Structure formats: C-alpha cells, structure tokens
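This report describes a ligand site and selected features of the backbone. Please keep the sequence and the model in view while reading.

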Amino acid sequence: MGRLRKAPENFVSADLAQDIGKNGLNDARRGFLLRSFQTAGAALATGLAGNALAAGSGDEMILTPRPWSLSLGQPVAARPYGVPSRYEANLQRRESPGLTRVPAASVAFAPLQGLFGIITPNGLHFERHHQGWVDIDPSQHRFMINGLVAQPKVYTMDDLMRLPSVSRIHFIECGANTGPEWGNAAVPTVQYTHGMLSCCEFTGVPLSVLLDDCGADLKRGKYVLAEGADGSSMTRTISMEAALDDVIVAWGMNGEMLRPENGYPLRLVVPGVQGVSWVKWLRRIEVGDQPWNAKDETIHYVDLMPGGLHRQYTSIQECKSVITTPSGGQVLLDKGFCNISGLAWSGRGKVKQVDVSTDGGRNWRTARLETPVLTKSLTRFNIDWVWDGSPVILQSRAQDETGYVQPRAGQLRDVRGTRSIYHNNGIQSWRVAESGEVSNVHVE
Ligand SMILES: Nc1nc2c(c(=O)[nH]1)N[C@H]1C(S)=C(S)[C@@H](COP(=O)(O)O)O[C@H]1N2
Ligand SMILES: [Mo]
C-alpha cells in the first residue's frame, strides 16, 4: 500500500506528523493551523485550544522575504498542459496489490481523502479495466446502432459531435466499491474503502436522440445492449426506460475529451447505475426485446443472497455516504475545532439529508449540504465538531429524496447475508484514538 497523502487543513498523515516532530516545527505549525480557523467565526472560538495565539509575531516564515518573492517566475509556455504542484505528488490513484490476478484486469482507486467539493479531477478519476485500457485513434472509431430499429446506422465521431449535446454532473461507482468491507474492516483508508467512486460533468448526445435517429421500435424494443471495443467483450443490458430517460453517449469529461483510461473517445453514461454498465470505448448499441444475459450479467455482477440464490440485474447504486475528513490513516493534530466533511450520493435521485454521529451511532446531528445538490451526483456535506481528545467513532448516514435511509452494516447483512461482494452501501465507521490517529473499524 502506498504512502498516505498529506491531509488538508488540520490533519497530517502519520509520516508527515513524524517529520514535523523531528524538525521541531511542531508549535509554529500548530499555531498557524489553529489561527487560520479564527476567521471562521466566533462560534468556533470555544473549540480553539489555548495555544492558538501563542506562535505568531516572531514567525520567520512571514517576516523574511522568501526566494519566490525575489525572483522571476516561469513563462507561461513552460507548461502547455497544466499539472499539479510537485508538492501534491502524493495525491495519486492507487492500486491495491493482489486484488486482481493479472495487471490488465485492474482497479486504481481515487484518493477521496484529498479531494474537495464534488468534482473528481480527470487525472484522479478511478479506473477499472477488465482487460486493460486501450488508446483509440478517434478517426478510426465507429459507433453502430442496430437490432430492432428501422434504419441501422454507423456513426463517426464527427457525426456524433455535430448532434445536439448535453452536459450533466453525475457520480459513477463500481458495484464492487466497499466490497471488501462486508464483514470486517479490511482496508486502511477511504481511498480503498470507497475510492471506486468519482463524479464528473459528462458531455455527449442523449441516447434517446440516437435511438430516434435510427427509428428504434419502442413497441418491441424493451432493452438495449451496450458493447465496448476493448478486448474484454464488455456487454451490458440496459432497460429501454433508462435508455430513453437520462443515458448519454458521452465524449466529454470535465470540459475536455475523455481520458483513454475512461473510454476515449466514447463511453456510455448511465446515471445512478453501477459502473460496469458505463461501457467504455463504446462501439455498439443493439435494441432488443429481452435481456441478453451476457457473461458480466450471469457469472459476474450477481449478488449471492442468504438462501443461496443469486440476485441478477441489481444495477441501481443505493443511497450511501462516507466521511472523507477525518478518515482512516489521517491524524488529528490537536483537540478543538474540526470540520467533518464527506460525500453522499444516491442512484435514485437527490440526497435529502446527511446525519453525522460522533459517538458510534447513538446520537445524530444533521450536516450542512453544500450546493449544488444534484440528482445522481455526489453531494458534499460538512459539520462543525469540537474534539475533546477522547476516543470516538465517527459515522455518516445519508437519506435520499425517496425517503430511503442508508443502512447500518448489520441491517444490510440481515437482508443480504455475509457472502455478497457487490452493492455494499452500509454506514462506514472511523475510530479516532486518543493519539488523534484515525482508523477503519467495523460497527454493526
Ligand atoms: N469496455 C469496457 N467498459 C467498461 C469496463 C471495461 O473493462 N471495459 N469496466 C467497467 C467497470 S466494471 C467500471 S466500474 C467502469 C469504470 O470506469 P472508469 O475506469 O472510467 O472509472 O467502467 C466499466 N466499463
Ligand atoms: Mo465495476
């Protein structure tokens, strides 16, 4: 497992905490961090530790002119395509060694602990490939619609990109996200517990426009099959209802073309539905009158239920949430004020409410939802908290606009049994120890 990234604001990773201790920067750094919260308002003052004002006036960092204030900067052309600061080099997608048998079938998790707001930067979007990613020349790519249509058609990228497009913000979550956590706390950080999750603004043509263009037979055509151009033979059945509702044949991601890892030049966006149906390198849509029972709908992506039967075609990602700060692997620098922040989402619509517990689920307070609160999108929540220095268990519990409430791990297991992998949307628990260290714990 890779090193943890420096956490934002008043958190530091374990290794950075050591560095600070060794270099004797401890007090100045703490003073700075705590002082920066005073601007947040008088209400927070109660939470500030007594040493908040101590460091300060003698701080060399602010009194001495720094080299970057006394030299010429870089010319613009130094970086025709921008990259993050070299001081952010720890913020990376990371693989979990041993999770897949061959490197081509792989997962790289998004570093949720280091992201702000709801949008995932393109270079940090999680990746899941069944047969590696492919680098397609868009001039060589074709997209076909066939099956129960009046006129089967083959489109070039140019054909598609002149059609009326839409841009919408949606989350994508792999059905296996949080899968290792069914029975116990399996992995250390939120990157690995929840990082098969991302949220972007996707741009493309609504699938309904293309089905109309080909004269899809909507009387007999009840399903569509989406097929990818990579070597994994990825095919997924999608209901005609969803296809006509909000499914997008997309080329854009956060204002630029999709990245090759995420399906360049074309992918299906199926809002609210598990990631596997968001077929990448999309080459074909077939209209049919029954589900196809493809390999990824029969052998894989089925839920083993307590009675021994498999549940098939469970595609909607139910309402779920997780605290990203503070989260596993981070360290609280000091007691006092601390903003708890996290993400909530629902495949059925908008998030209505998020409650946060700091005592392992006995008492709950309602968090602030940051705008925008969009349908089938990540929603950011925040809540003020004053840590008194004692061990606590932090949890978040989301509710969506249908009234569905995110279940406790035990509630989920009562219905789904112990042998499932997919669709674990149970409440996540983080334990804060007296030392300030945060770890992943399982609470029924
Ligand atoms: N053609 C194709 N599409 C695919 C896959 C794939 O391997 N091949 N993986 C699927 C799975 S399981 C998920 S979770 C998402 C991941 O999308 P991302 O890599 O852009 O995060 O793509 C889906 N679409
Ligand atoms: Mo997936």
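A cavity, as the word is used here, is a set of grid points over the protein atoms alone where a 1.4 Å probe fits but cannot get out. In this predicted model, the largest cavity is the space taken by ligand 1.

**The ligand site**

Around ligand 1 there are 22 residues, and those that come nearest are Phe126, His130, Asp230, Arg267 and Lys280. By class, the shell consists of nine nonpolar, seven polar and six charged residues. The element that gives the most to this shell is strand 3 (residues 127-129), which supplies three residues.

| Residue | Part of the residue | Distance to an oxygen atom of ligand 1 |
|---|---|---|
| Phe126 | backbone N or O atom | 2.6 Å |
| Arg128 | polar backbone atom | 2.9 Å |
| Arg267 | polar side-chain atom | 2.8 Å |

On its own, ligand 1 has 530 Å² of accessible area, and the protein covers 100% of that area.

What is the strand order in the open sheet of four strands? The order is 16-18-22-21, and the pairing is antiparallel. Strand 16 (320-325) and strand 21 (368-369) stand at the edges; each has a single partner strand, so one side of each is left without a neighbour in the sheet.

Strand 4 (residues 143-147) pairs with strand 5 (residues 153-155) in the antiparallel sense through three bridges. These two strands form a hairpin, with five residues between them. Ile145 stands opposite Lys153 in strand 5. Strand 4 also pairs with strand 13 (residues 282-288), here in the parallel sense and over four bridges. In that pairing, Asn146 is set opposite Glu286 in strand 13.

In a regular strand, side chains alternate between the two faces of the sheet.

**Backbone features in loops**

Most residues other than glycine have a negative phi, and most peptide bonds are trans. The following positions depart from that pattern.

Where does Pro265 lie? Pro265 belongs to the loop between strand 11 (256-257) and strand 12 (267-269). A cis peptide bond, with omega about 5 degrees, joins Tyr264 to Pro265.

A cis peptide bond also leads from Thr371 to Pro372, where omega is near 0 degrees.

Asn254, a residue other than glycine, has a positive phi near 55 degrees. Asn254 is found in the loop between strand 10 (248-253) and strand 11.

Note on methods: Residues are numbered from 1 along each chain as its sequence is written. Chains are lettered from A and ligands numbered from 1 in the order in which they are written. This is a predicted model: local features need pLDDT of at least 70, side-chain atom pairs count only at pLDDT 80 or more; totals for chains, interfaces and linings use all residues. Side-chain values use heavy atoms; hydrogens and water are left out. A residue is near a molecule or strand if one of its heavy atoms lies within 4 Å of it. A polar contact is a pair of N or O atoms within 3.5 Å; within protein, one must be able to donate a hydrogen and the other to accept it, and residues adjacent in sequence count only if both atoms are side-chain atoms. Accessible areas come from the Shrake-Rupley method with a 1.4 Å probe; for residues, only the protein chains shown count as cover. On a 1 Å grid over the protein atoms alone, a cavity is a set of points where a 1.4 Å probe fits but cannot get out, and a pocket is an open set with protein on both sides within 12 Å along at least five of seven lines; lining residues have an atom within 4 Å of a point. A molecule sits in a cavity or pocket if more than half of its atoms lie within 2 Å of its grid points. Ala, Val, Leu, Ile, Met, Phe, Trp, Tyr, Cys and Pro count as nonpolar, Asp, Glu, Lys and Arg as charged, and the others, Gly among them, as polar. Two strands pair if DSSP finds at least two bridges between them.
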